[in-house]
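I opened my notebook beside the viewer today. Here is what I looked up, entry by entry.

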Amino acid sequence: MDSGAGHLGLTMISDASDLELGSWRLHIRGPRTVRRALHAVLSAVVIPEAGLPALEMAVSAGGQASGTIAGEEVWSFELPKRGWLALLTGHIVGTAMSVLRSLLFIHAAAVEIRGRGYVLVGDPGAGKTSTAAALVRSGAGYLSDEVALLDPKTGTLHPFALPLAVKPWTAKAAGVLPRARRVASEGGVSYLLPSRRLRDAVPLDSVVLLDPTPQHTGRSEAEPVEMPRAEMLLTLSRHASSFRYRPRLESAFSGFVGLLRGARCLRVNASAPAEAAAALGSFSALLSRPSR
Amino acid sequence: MTPSLLAAVLDGRVVVLDTHQARVILLDPENERIWRACSGRVTDEIAAGLGRSSTEIAGALQNLAEAGLVTSEGPKWTQVPVTWV
């Protein structure tokens, strides 16, 4: 055990601890501040795939972070004074996604509505977090803010319960936030773990592209419209997803094709996340009505 | 190296995975017809079969070749083999 005046502006005691994210093990060596924050942010994350290689990560008192898998360093960088928690969490999640073998992922938010899973895809700033927050506030179940974890064999969407990373503008865009517990706060970001979150996988219903660019459709309000599955596959291939890892290209292609064949693909063109959430909420209510 | 392609039909549209370039290609209906016509035929035959000018078809074939979806042996065009998903 050692101690020192840390790069992050705090006196920190260095030690190590293990974190089990379901079947995936994370060994963290570093200042207590860092370990506590990571434990808090990752506390509800479960990766339901067995046999994945563990991540050994180290953060020095000087703020140098590194990650190693099976003896090979996979990343190394200096933590910034502000925003280090988001950066570290991003690297850990990215590493987890890179070692998956049977599950697929999309950088997306995900919610459950009436027992079915909805994946919200979009460019940065499209309002994924805000739309998910607004939906959860309206009664949807929280699955994820960052990662939609999909099982192509069963056509299901697994929870990946990272807290909502709420930046000041997210809070503004989402309006009133869902009931949640603040588990950490760093670099101007509050990490809120929604109370209404799902523990089990749900069947995938829809993959929704959030497209905030103005469209001149003549429609007065946002309304989900069907999007060709082939276009959605192309969209997923261009977003951060399992397509990013070359050894997994073929299984990602086959897996996403299978998942999209069994799912609805929608585009929601809304200027504000609250509008997108309302449109999706009404749409799913319509779908769940018993047919006559 | 033999190109390696995976393909699927989704909602009637052909999508192809080019594993060497690590990219997904979505064929529009016109290029799909041209691509499907590449069964060892020459440009003029393909154009005649599709009722298009040879010039137009030659340009499209060039684009398909650059995308790695067809190859030419002499004047004859053939599809690069794909595995359908």
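I began with the secondary structure of chain A and found seven helices and 18 strands. Helices (H or I, at least four residues) and strands (E, at least two) are DSSP runs here, numbered from the N terminus.

A note to myself on the source: this is a predicted model, where local features need pLDDT of at least 70, side-chain atom pairs count only at pLDDT 80 or more, and totals for chains, interfaces and linings use all residues. Residues are numbered from 1 along each chain as its sequence is written, while chains are lettered from A and ligands numbered from 1 in the order in which they are written.

Next I checked confidence. The predictor gives an ipTM of 0.90 and a pTM of 0.89 for the complex. Chain B has an average pLDDT (the predictor's confidence in each residue, from 0 to 100) of 92, and 96% of its residues score at least 70.

Then I asked how much of chain A is buried. Of its 292 residues, 48% count as buried, meaning that 20 or more other C-beta atoms, placed from the backbone, lie within 10 Å of a residue's own.

I looked at contacts too (C-beta atoms, placed from the backbone, within 7 Å). In chain A, 67% of the contacts with a separation of 6 or more join residues 24 or more positions apart.

Last, I turned to where the chains meet. Chain A gives 15 residues to the contact and chain B gives twelve. On the chain B side, strand E1 (5-10), strand E2 (13-18) and strand E3 (23-26) each give two or more residues.

Conventions:
Contact = placed C-beta atoms within 7 Å. Buried ≥ 20, exposed ≤ 12 C-beta atoms within 10 Å, placed from the backbone.
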